[in-house]
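My entries follow in the order I made them.

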Amino acid sequence: MAHPVDVHVGKRIRHRRWLIGMTQQQLAEKVGIKFQQIQKYETGANRVSASRLWDISDAMDVPVSFFFDGLQEEDKAPADKADKASVPEDLMGDKEALDLVRSYYAIPENQRRRLFELARVLSDAA
């Protein structure tokens, strides 16, 4: 069974890879391994060594600490589960959500503000 820290680090690798629009194959080539190994890292099936995590952080242009961000918060129970009920627990691990965020930031800023306000009004009405 995978250790929770290995699963978290794997999710963060996948999260960053999706944010920058990189495939598993592209990341594997930059790091010098096979894409199947990236798959195993992302699921937490295989533990990422310190040196490999260093290479991955360099390939994805983030500090090594990025992969551990949010680890402490996962251990804490949410204060109000009712507020979190409608939002998936691993929101940034959801490819659709990441694609939406990437598309949102591709919109010019003035239109993005208007879209944000529309989304806020629609969510309040729901």
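I set burial first: buried means under 20% relative accessible area, exposed over 50%, and partly exposed in between, with a 1.4 Å probe and protein chains only.

Source notes. This is a predicted model, in which local features need pLDDT of at least 70 and side-chain atom pairs count only at pLDDT 80 or more, while totals for chains, interfaces and linings use all residues. Residues are numbered from 1 along each chain as its sequence is written, and side-chain values use heavy atoms, with hydrogens and water left out.

Overall. I took helices (H or I, at least four residues) and strands (E, at least two) as DSSP runs, numbered from the N terminus. I found 8 helices and 0 strands. Of the 126 residues, 28% count as buried. For contacts I used heavy atoms within 4.5 Å. Among contacts with a separation of 6 or more, 61% are between residues 24 or more positions apart.

Y41. I placed Y41 in helix α3. Its C-alpha atom is separated by 7.8 Å from that of D6, 35 residues apart along the chain. Not counting residues up to four places away in sequence, Y41 touches D6, G10, I13, I33, N46, R47, V48, R52 and I56.

Core. I took a nonpolar core as a set of buried Ala, Val, Leu, Ile, Met, Phe, Trp, Tyr and Cys residues joined through side-chain atoms within 4.5 Å. The largest one has 17 residues, and I13, L27, Y41, V48, I56, M60 and F67 touch the most other members. Helices α1 (4–19), α2, α3 (35–43) and α4 (50–59) each supply at least two residues of this core. I also looked up V48, which, leaving aside neighbours within four places in sequence, is in contact with V9, I13, Y41, L53 and I56.

Q24. I found Q24 in helix α2 (residues 24–31). Q24 counts as buried because its relative accessibility is 18%. Its side chain makes a polar contact with the side chain of E42 at 2.9 Å. A polar contact here is a pair of N or O atoms within 3.5 Å; within protein, one must be able to donate a hydrogen and the other to accept it, and residues adjacent in sequence count only if both atoms are side-chain atoms.
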